[in-house]
Amino acid sequence: MNRRVTIKDVAEAAGVGVATVSRVLSGGSASPQTRERVLAVAAQLDYRPSALGRNLRQRRTGGMGLLVPDLTDTFYGQLSEGVLACARSAGEPVMIGSTGGDPEQEADLIGMLLEQSVDRLIAVPSGDAETWAPALRAGMTVVFADHLPSEGTHEDDDTAALAVHDLMLLDGLPPAPRGRPLDVPSVVADDRAGIRTAVRYLRGLGHRRIAFLGGPGHDRRAAAFREAVGTPVDDDLVVFATGSRDSAYAAASSLFLSRPDLTAVVAGGNVLGEAAVLAARELDLRVPRDVSLVMYDDVPWAELCSPPLTVVAQPGRDMGYRAAELVMRSGGRRPRDVVLPTELIVRGSCGPRRP
């Protein structure tokens, strides 16, 4: 039997991405050579995008999707295990994708999942609200885990945000209003309480020049940090890295070099905590004698460090399990958001501030 041609088939045959195909077919921007190649391939394969709208309206797959930034990250591995455990108990298949923390790659994956009629999705979002609004308008049930999409829109992200948006237009589905907040349930940890507890603990040890090392999706944790340290906030002590380990290491090294007066660091995730440990070691800073360190996330290697790391533990596996429960409760009233507790686990990486 002949299989229906999908937008992914067109993209592969033309040697471009799914987002590029959707832009070309909807009249968006593309080079003349790319436009000609995509249109020729689409005509040759007899691609008909209206099939997507019919699939979304008429049938369900019974499966769900899961998108995370990095499958090698221990926390996201724990979250994925929770999703898989819940889905397994319900006999539901799961399609897993890694976005690499890239909004454009995330938009491509959303488009592919829609093409395959996956209409339930759990995601640790990388893109902003506009990246996700088209999928919701297409009828996809979404639950966010760990954090929410940012609400701002950057001009450089327009291509990524419009990738699925254009595809929905092609299939006769109404586009989402731009700039509107998303009405999507979420399962998150109590970042405010976790960060506040960490800062209070460090202050109790006498630390006053405390830094925060954050990454993508850590806006709430940074806000909680600013609230916990109080005004005035030293903006030089709030530093952000991108999602890569190299960026995290560079940010940690720069922080230690530019602010030798800091005495403690709160790392917003386990990749950032690892970077802080490595940077301190390279710069001959002793933990906790020279700098105290608290890491958000409890991962197995944290206990194996010398000294073992004090952490704010969040329940990654439980977060994934609860998110899968929510996404399977489609229909009826909107599920309530779930906020899970955190726990400060004191080990050996923090000590009293030294004169």
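Helices (H or I, at least four residues) and strands (E, at least two) are DSSP runs, numbered from the N terminus. Axes are lines fitted to C-alpha atoms, for helices over the stretch in contact, and angles run from 0 to 180 degrees between N-to-C directions.

This is a predicted model, where local features need pLDDT of at least 70, side-chain atom pairs count only at pLDDT 80 or more, and totals for chains, interfaces and linings use all residues. Numbering starts from 1 along each chain as its sequence is written, and side-chain values use heavy atoms, without hydrogens and water.

**Exercise 1.** Work out how helices H6 and H7 pack.

*Solution.* Start with the geometry: H6 (residues 103–115) and H7 (residues 129–137) have axes 10 Å apart, at an angle of about 5°. Angles under 35 degrees count as roughly parallel. H6 and H7 are therefore roughly parallel to each other.

Next, list the contacts (heavy atoms within 4.5 Å). From H6 come Pro103, Glu106, Ala107, Ile110 and Leu114, which meet Thr131, Trp132 and Ala135 of H7.

Finally, sort these residues by class: six are nonpolar, one is polar and one is charged. Here Ala, Val, Leu, Ile, Met, Phe, Trp, Tyr, Cys and Pro count as nonpolar, Asp, Glu, Lys and Arg as charged, and the others, Gly among them, as polar.

**Exercise 2.** Describe the protein as a whole.

*Solution.* First, count the elements: the protein has 13 helices and twelve strands. Then take burial (under 20% relative accessible area, 1.4 Å probe, protein chains only): of the 355 residues, 50% are buried. Last, look at contacts with a separation of 6 or more: 72% of them join residues 24 or more positions apart.

Key. Angles under 35 degrees count as roughly parallel, over 145 as roughly antiparallel, 65 to 115 as roughly perpendicular and the rest as oblique.
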